[in-house]
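Subject: Model handover

Hello,

Here is the model I promised to send over. Please have a look at it first, and then read my notes below.

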Amino acid sequence: MALPAAPAAASRPDPRPPRARPRRRFGLLRSAAFRFAAIYAVLLSLSVTAAAGFVWWETAGRLNRQIEEAILTDAQALGDHWEVGGVLDVQNAIEDRLSQNVDDDAIYMLATPDFARLAGNLASWPAEVTQTGIQYEIRVERGGIRSLASMQRFDFPGGFHLLVGRDVTLRAQLTRLLSSALAWALVLVVAMASAGAVAVRSLFNRTLASVSATTAAISAGDFSRRVQVTGRGDEFDQLAEIINVMLDRIARLMDGVRQVSNAIAHDLRTPIARARARLEEAAVHAGTEDDLRAAIERATADLDAIVAVFQALLRIAEIEAGSRRAAFCVFDAAPVVAGVADLYDAVAEDRGLALVTSAPAALWIYGDRDMLQQAVANLVDNAVKFSPPGAVVRIDAARAAPGAPWTDIAVTDRGPGIPAADRPRAVERFFRGEAARNTPGAGLGLALVQAVAQLHGGALLLEDAAPGLRAVVRLPAAEAPAAGPPAPGTHAETASADGIPAGGASAFAPSPYGNVIRD
Amino acid sequence: MTLLARISAAAVLMSCLIAVSGAQSGSSDAPPEQITTDTLAYCRELAARLERLTGTAALIPASVVRLSSAGKDMCDRGLTRGGILRLRKAIVLMMHPEIEGAGETAPSR
């Protein structure tokens, strides 16, 4: 029988540790560092080219413009002579100009319609000068030395032709020198730009390498790594700080998940083990059907409590996920507070406590009525559970201050309170303080209240009531809806007199675990 | 062609244009045009013109006399460009005496 073929190599996971795997390399043009550096080099080169062009235009270009203006001015003056005295006057003017041309740079030629020379210092009419209005550059020779001249043609009435020019040898030399210098300067700039681009790319890669190395280490499991902050306070440092804050939060969240997992495993192991032990004992030692039934009922109660814990955890997770926010609306919290107070009035009386409530006629809040009821009920449940007989439990609901944007619903008890050192941890899941060791509960009540408060944009404040604890749910206040038919989304028309939903009071029956409220 | 490549090509083109902008235009095949005002004949012509100017002047600046003499001498010795330069200066001074201002003068011959 043929053996099954070995799986294709591509389907096997790479057994090498992540750091040993070759890094994916980018093509040069796809590299952001190269593009950065190339943009720098091109911008530098363009800037210097623009500057060089301006210098050239201001020097050689200005010289050209000056020569052209001199030629035009000269030609205009000779044109005036033509109008005064015709050919003869122009001839004399040209001879005068040449005899006084100390700089020896003027070039003139007056020619007949057949281009025969009448006056001037050119031996013959240049063949390439055929049109007027164009600046020609013609090679000339004087005394065996060749040079360059710039000249223009002008035509007089009667078909006579005039050529006016200037020797531009010096200008040509200057232009050549300037152009050569600028060209070499541009070569130098391109070289420097290239070197600068390499440096920029290196800096870019070095900066990103730090981030890449840190995130690679984190993805490999080392959550203690952080991106290096150089201390220069630049954009890269800001990015590094933001990434580090994000990593700190991720680490805290993962620690929280780890703690919750550990707490779930630890805190639920006992009741599960107890239920199992009871059932096992009943199976071995139960003598009668009634004994067996009683053992099963006790185990069922234990399992119900475990289910309630899981339900509370899911409830907290649902609240923290924020999905219920879509159903938020403006509602009056005063009846909600009054309803919770009515619900716990009997329980408080059984424990010998006095339950005092203070709330205005209306207290408008934007949020979820059911969640607020749960949160307030959790706090009252805690207060009743931890208060000694004869104490007073107060429920105070009001605006934090006249005109303040916050509404406070405070529950105050005279119990052992929470030490200042434990208050930051009191809202963690499964946290039980020393005072709560001997009372029933899973340590989820305050976590749920905080989740509700934060979902509403508020906060849970734990204060020392000296003695006792004052737990405040602080929520953003809302404005009362406009008078008239209730706006869609408000609950004013559907609220019952006591604020308890139609599901009945059983939805808020205190549970054996105290801090856990069943839906 | 990416934008980056286009910008780079434009920069190189501009550099080349600036580098070669000093190149001389004009036909490289045609012989150069001859200037006629650097010859011995022109030097004599300038000297004659200067003679005509000084002959009718009441007062001749000493610098004109010096320049005229030097110019003619240089032209005689074959140094035509230098001679022409001095004769032109002398003519300029005769035509525009305000250029030199007050200075020694010599009576015309």
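Predicted model: local features only at pLDDT ≥ 70, side-chain atom pairs only at ≥ 80, totals over all residues.

Let me begin where the two chains meet: strand 3 of chain A and strand 1 (residues 33-34) of chain B pair in the parallel sense, over 2 bridges. In that pairing, A:Val140 has B:Glu33 as its bridge partner.

Residues are numbered from 1 along each chain as its sequence is written, and chains are lettered from A and ligands numbered from 1 in the order in which they are written.

Strand 3 (residues 136-142) also pairs within chain A, running antiparallel to strand 4 (residues 145-155) over 7 bridges. A:Ile138 sits opposite A:Ala149 of strand 4 there. The two strands make a hairpin with 2 residues between them, and A:Gly143 in the turn has a positive phi of about 60°.

Now to the open sheet in chain A, where 5 strands follow the order 7-9-10-12-11 with mixed pairing. Strand 7 (354-358) and strand 11 (459-464) are at the edges with a single partner strand each, so one side of each has no neighbour in the sheet. From one strand to the next, the twist averages 15°.

Helix 6 (residues 369-386) of chain A lies across strands 9, 10 and 12 (469-476), at about 25° to strand 10. Helix 7 (residues 445-455) of chain A also packs on the sheet, touching strands 11 and 12, and its direction makes about 130° with that of strand 11. Angles run from 0 to 180 degrees between N-to-C directions, with axes fitted to C-alpha atoms, for helices over the stretch in contact; contact means C-beta atoms, placed from the backbone, within 7 Å.

Overall, chain A has 7 helices and 12 strands. Of its 519 residues, 29% count as buried, meaning that 20 or more other C-beta atoms, placed from the backbone, lie within 10 Å of a residue's own.

Best wishes

Key
Pairing = 2+ DSSP bridges. Helix = DSSP H or I, 4+ residues; strand = E, 2+ residues; numbered from the N terminus. Contact = placed C-beta atoms within 7 Å. Buried ≥ 20, exposed ≤ 12 C-beta atoms within 10 Å, placed from the backbone.
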